[in-house]
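Reader: Could you zoom in on one part of this model for me? I'd like the picture built up piece by piece, with the cut-offs spelled out as you go.

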Amino acid sequence: MNFEQTIVAISTAPGIGAIALVRLSGKQALEIIGSVLRISKDSSTSVALKSHQARHGFIFDSERNEIVDEVMVTAFAAPNSYTGEDVVEISCHGNPLLARRILSVCLKEGARLAEPGEFTRRAFLAGKIDLTQAEAVLDLIQAKTDKGSQVALSVLKGDLGKQVKIVREELKQLLTSIVASLDFPEEVDLLDEKEIENTVDKNLVRLKELYDTANSGKYLREGLKLAIVGRPNAGKSSLLNCLLKVERAIVTDIPGTTRDSLEEQLDINGIPVILVDTAGMRNTDDHLEKLGIERTKHVLADSQLVLLVADSTYGWQKEEDEILAAIENKPWILLWNKTDLLVGEKKAVKGKQFGGQIAALSISAKTGKGVDELAKYIENWTFADGKAQDMGVSLNTRQATLCADAIAALQLVKKTLASKMPHDCLATDLKASLDYLSEIEGFAVSEEVISSVFANFCIGK
């Protein structure tokens, strides 16, 4: 990319709408808009633009000698703009044909078509935002739920960068003191090792809390894969319909009605969930049912959380033992369904606590009883019992990997202290931890990493 060139792109999504937006950024942005914007249809007079003020006008195509569209134009003079450069935003009527015509006019005047994410990349390179904020722009655009957008907005405001910076500044100060004592031993005393350990421990706790948000971040961005399993006729499809609030799956009293996996997406308390209703698991000679059961096992292997639906009128039987064996080490919630059929004093059997089991709940997929409680358990598990929500941010895969590396480096500092090794060894591991934290924010990052971050952006952002 040549960042000296002025770029242009359509910033609104494809399709017809009320308004479309064409954006320019670069040294020639004001010059280009000045050459194509007219004060009226019949005038050749250019419109004078002031920074951060919107002006009405008409885009003129000199090659065709005709007006393209009536527009509102807003200029943002450097450095007080999104990219830190001169930026011009042209709001035209939301016909894609008109937006493309205006784009073409700007290209003929010397602008270059922007690469995907180049506006945000220029903002990052100009120091307007750090790399975590740049990544949050894409997260905000692609957020699947309100909670996902709230977390992305929090990171975009700089909350994640601030938390990383607190740790980085404390460790930098510690490193500076250690290096000073090594370089000037006659003037600067060695730091007390207990003081070093306390600083390291305090920041290890902070980094581990940040790292613990990685899973919830992944679920918010990609969706939580949730499998519904159980014996035939336990009420799995009824539960799917209950959660979706629509009759999506066929429900009958005949065991084995569901022969194939049925996948749906929904929002459960702000979590984007990929919900899969599966064929009932049991020993059978039916060829089609066997195929469905095999597919259920594949769904289980790919799931991140499992809902095991059991019939409360039957209790725990050998079929549930077999299903539990198939779940293996996946986290799961036991749902005693059909509580609406229990009569008198009889209650749903909670059963013993099994490995990986998060909870055992009594529900009725038919009446909806207990489903809100189930949604809360799913939310608490996703956000690590609220810890991730308390942080207000979530790490993506790149950030989580670097955070884990920074934690590992600090743990080496503790080992070095415990081994009574020289302080220059402490400095080496502290420097490594600082480098990882700097890379999270984008202060020390390769061109390859930057390109990878912006590769998934759309053109115009």
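Author: Arg 112 sits in strand β7, which spans residues 112-113. Strands here are DSSP runs of E with at least two residues, helices are runs of H or I with at least four, and both are numbered from the N terminus. Before we go on: this is a predicted model, where local features need pLDDT of at least 70, side-chain atom pairs count only at pLDDT 80 or more, and totals for chains, interfaces and linings use all residues. Residues are numbered from 1 along each chain as its sequence is written, and side-chain values use heavy atoms, with hydrogens and water left out.

Buried or exposed, then? Arg 112 counts as buried because its relative accessibility is 17%; the cut-offs are under 20% for buried, over 50% for exposed and partly exposed in between, with a 1.4 Å probe and protein chains only. Skipping residues up to four places away in sequence, Arg 112 touches Asn 2, Gln 5, Thr 6, Ile 7, Val 8, Leu 107, Glu 118 and Arg 122. A contact means heavy atoms within 4.5 Å.

Leu 107 turns up again on the surface, where Leu 107, Leu 113 and Ile 459 make a nonpolar patch with about 230 Å² of accessible area together. Areas come from the Shrake-Rupley method with a 1.4 Å probe, and for residues only the protein chains shown count as cover. Patch members have over 30% relative accessible area and no salt bridge, with like charges joined within 9 Å and nonpolar side chains (Val, Leu, Ile, Met, Phe, Trp, Tyr) within 5 Å. A salt bridge, in turn, is a side-chain nitrogen of Lys or Arg within 4 Å of a carboxyl oxygen of Asp or Glu. Ile 459 lies in the segment after α16 (447-454) and is partly exposed, at 40% relative accessible area.

Now for the sheet. Six strands form an open, mixed one in the order β9-β10-β8-β11-β12-β13; two strands pair if DSSP finds at least two bridges between them. At the edges are β9 (262-268) and β13 (357-362), each pairing on one side only. β9 runs antiparallel to β10 (residues 271-277), and 7 bridges join them. Ile 268 has Ile 271 as its bridge partner, while Asp 267 stands opposite Pro 272. The two strands form a hairpin with 2 residues between them, and Asn 269 in the turn has a positive phi of about 50°.

Helix α9 (residues 236-244) is largely enclosed by the rest of the structure, because 8 of its 9 residues are buried. Those buried residues include Lys 236, Asn 241 and Cys 242, and their cover includes β8, β9, β10, β11, β12 and α12. Just after α9, Lys 245 takes a positive phi of about 60°.

Zooming out, the protein has 16 helices and 13 strands, and 48% of its 461 residues are buried. Residues 24 or more positions apart account for 67% of the contacts with a separation of 6 or more. The accessible surface comes to about 22,700 Å², of which 51% belongs to carbon and sulfur atoms.
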